[in-house]
Amino acid sequence: MSFPILICDDSSIARKLVKKSLPQDFASEIHVASNGQEALQQLMENPVALMFLDLTMPVMDGIEVLQEIKNRCIEVFVIVISADIQPEMKRRVEELGALDFIEKPVNGPTLTDVLQRFGLY
């Protein structure tokens, strides 16, 4: 399966690491955003099937993005990738519709496992 994805993280290094960790044949297009506001704009302008979302970002954080996705009924799978791994935060993002929560730094085997678990790869 190959489809457009969006990687949203304020760190260019983290965005590159997610991109590098994806299976080679996974994404047909990769869009990037450095904050939540850019991510929402991308979601409105481009068809995106899956978004990898950081939580701690300037302008608009990941929780605000998840709330806006829910409020606007935007259809996109979201996998949160964050260093904030508190059980309460994991519960909160799942309540807001995220598929899963991956701890930073991400790696290929973990990312592939999550994608396979949800039937995305």
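Leaving aside its neighbours within four places in sequence, which residues is Ser82 in contact with? Asp54, Leu55, Phe101, Ile102, Glu103 and Lys104 are its partners, where contact means heavy atoms within 4.5 Å.

A word on the ground rules. This is a predicted model, in which local features need pLDDT of at least 70 and side-chain atom pairs count only at pLDDT 80 or more, while totals for chains, interfaces and linings use all residues. Residues are numbered from 1 along each chain as its sequence is written, and side-chain values use heavy atoms, with hydrogens and water left out.

Ser82 is found in strand β4. Helices (H or I, at least four residues) and strands (E, at least two) are DSSP runs, numbered from the N terminus. With a relative accessible area of 1%, Ser82 is buried. The cut-offs are under 20% for buried, over 50% for exposed and in between for partly exposed (1.4 Å probe, protein chains only).

Lys104 counts as partly exposed, at 25% relative accessibility. Setting aside neighbours within four places in sequence, Lys104 is in contact with Asp9, Ala14, Asp54, Ile81, Ser82 and Ala83. For scale, Lys104 and Ile5 are 99 residues apart along the chain, and their C-alpha atoms are separated by 19 Å.

**How the helices pack**

Two packed helices are described by the angle between their axes and the distance between the axes. Here, axes are lines fitted to C-alpha atoms, for helices over the stretch in contact, and angles run from 0 to 180 degrees between N-to-C directions.

| Helix pair | Angle | Axis distance |
|---|---|---|
| α2 (36–45) and α3 (62–71) | about 25° | 9 Å |
| α3 and α4 | about 20° | 10 Å |

The angle of about 25° between α2 and α3 makes α2 roughly parallel to α3. Angles under 35 degrees count as roughly parallel, over 145 as roughly antiparallel, 65 to 115 as roughly perpendicular and the rest as oblique. The crossing of α2 and α3 is right-handed; a crossing is left-handed if the near helix is turned anticlockwise from the far one by less than a right angle, and right-handed if clockwise. Gly36, Leu40 and Leu43 of α2 meet Val65, Glu68 and Ile69 of α3. These residues divide into four nonpolar, one polar and one charged. In this scheme Ala, Val, Leu, Ile, Met, Phe, Trp, Tyr, Cys and Pro are nonpolar, Asp, Glu, Lys and Arg are charged, and the others, Gly among them, are polar.

For α3 and α4, the angle is about 20°, which makes α3 roughly parallel to α4. This time the crossing is left-handed. From α3, Ile63, Leu66, Gln67 and Lys70 meet Met89, Arg92, Val93 and Glu95 of α4. The contact comprises four nonpolar, one polar and three charged residues.

Which residues of α2 are buried? They are Gly36, Ala39, Leu40, Gln42 and Leu43. These cover an arc of only 160° around the axis, which puts them on the same side of α2; the arc is that of the directions from the helix axis to the C-beta atoms. On the other side of α2, Met44 and Glu45 are exposed. The buried residues of α2 pack against β1 (3–8), β2 (27–33), β3 and α3.

In α3, the buried residues are Gly62, Ile63, Val65, Leu66 and Ile69. Seen down the axis of α3, they fall within an arc of 160°, so they line one face of the helix. They pack against α2, β3 (50–53), β4 (77–82) and α4 (87–95).
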